[in-house]
Amino acid sequence: RACQQTVSLAVLEGAEVVYIAIEQTQREVGIQSEIGGRHPAHATALGKVLLAALPEDEVRSRYAGVQLQRLTHRTIVELDTLLERLREVRRAGFAVD
């Protein structure tokens, strides 16, 4: 509330994030979802943080045979690019949409 930002809690299911709790704010910034909603993990900051917590071989396994869906002109659509971004997330301690 103090930051006036929406806070989401999600779990990874395959290559998707599944939202299990959301505390909404009045400001509508970022990806909008609802409890039970799903988004491709590679396309959300929350998903990238969750993926970054996994070993690289597990990330590769989750994306075996999965085409990274483009949601915007900035969406990561290549696995090698995603893996490099996850290394950056690990170093920085945060991710961005």
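Guide: Let us begin with a convention: helices are DSSP runs of H or I with at least four residues, strands are runs of E with at least two, and both are numbered from the N terminus. Please note also that this is a predicted model.

Visitor: With that convention, how far apart are arginine 87 and glutamate 84 in helix H3?

Guide: The general idea comes first. An α-helix has 3.6 residues a turn, so residues three or four places apart point the same way. In this structure, arginine 87 and glutamate 84 are three residues apart in helix H3, and therefore about one helical turn separates them. The two form a salt bridge, with 2.8 Å between the closest N and O atoms. Arginine 87 counts as partly exposed at 28% relative accessibility, and glutamate 84 likewise counts as partly exposed, at 32%.

Visitor: What are the extent and the span of H3?

Guide: Helix H3 covers residues 79-92, which makes 14 residues. From its first C-alpha to its last it reaches 20 Å, close to the 20 Å expected at 1.5 Å a residue. Just after H3, glycine 93 takes a positive phi of about 90°.

Visitor: Which residues of H3 are buried, and which are exposed?

Guide: The reasoning needs two cut-offs: a residue is buried under 20% relative accessible area and exposed over 50%. In H3, the residues Leu82, Leu83, Leu86 and Val89 are buried. Viewed down the axis of H3, the buried residues fall within an arc of 110°, so they line one face of the helix. Asp80 and Arg91 are exposed on the other side of H3. The cover over the buried residues of H3 includes helix H1 (45-52) and helix H2 (56-62).

Visitor: Which residues of H1 are buried, and what do they pack against?

Guide: Ala45, Gly47, Lys48, Leu51 and Ala52 are buried in H1. Around the axis they cover an arc of only 160°, which puts them on the same side of H1. The buried residues of H1 pack against S1, S2, H2 and H3.

Visitor: Let us turn to charged side chains. How many salt bridges does a search of the whole structure find?

Guide: Side chains of opposite charge can pair when their charged atoms come close. Here, a search of the whole structure finds nine salt bridges. Arginine 38 is partly exposed, its relative accessible area being 39%, and glutamate 16 counts as partly exposed at 31%.

Visitor: Where in the chain are the partners arginine 60 and aspartate 80?

Guide: The side chains of arginine 60 and aspartate 80 meet in a salt bridge of 3.9 Å, N to O. Distant parts of the chain are again linked by this pair: arginine 60 is in helix H2 and aspartate 80 in helix H3, 20 residues apart. Arginine 60 counts as partly exposed at 38% relative accessibility, whereas aspartate 80 is exposed, with a relative accessible area of 55%.

Visitor: Which residues are linked in a network of salt bridges?

Guide: The network of salt bridges links Glu56, Arg60, Asp80, Glu84, Arg87 and Arg91.

Visitor: Which residues form a nonpolar patch on the surface?

Guide: A nonpolar patch on the surface is formed by Leu9, Val11 and Ile20, which together have about 250 Å² of accessible area. Valine 11 lies in strand S1 (residues 7-13), and at 37% relative accessibility valine 11 counts as partly exposed.

Visitor: Finally, what is alanine 21 in contact with, beyond its neighbours within four places in sequence?

Guide: A contact is read from heavy atoms within 4.5 Å. Leaving those neighbours aside, alanine 21 is in contact with Val7, Ser8, Leu9 and Ile35. Alanine 21 belongs to strand S2 and is partly exposed, with a relative accessible area of 30%. Alanine 21 and glycine 36 are 15 residues apart along the chain, and 8.5 Å separates their C-alpha atoms. For glutamine 4 and tyrosine 63, 59 residues apart along the chain, the C-alpha separation is 34 Å.

Definitions and conventions: Residues are numbered from 1 along each chain as its sequence is written. This is a predicted model: local features need pLDDT of at least 70, side-chain atom pairs count only at pLDDT 80 or more; totals for chains, interfaces and linings use all residues. Side-chain values use heavy atoms; hydrogens and water are left out. The expected span of a helix is 1.5 Å times one less than its number of residues. Buried means under 20% relative accessible area, exposed over 50%, partly exposed in between (1.4 Å probe, protein chains only). The arc is that of the directions from the helix axis to the C-beta atoms. Patches are made of residues with over 30% relative accessible area and no salt bridge: like charges are joined within 9 Å, nonpolar side chains (Val, Leu, Ile, Met, Phe, Trp, Tyr) within 5 Å. Accessible areas come from the Shrake-Rupley method with a 1.4 Å probe; for residues, only the protein chains shown count as cover. A salt bridge is a side-chain nitrogen of Lys or Arg within 4 Å of a carboxyl oxygen of Asp or Glu.
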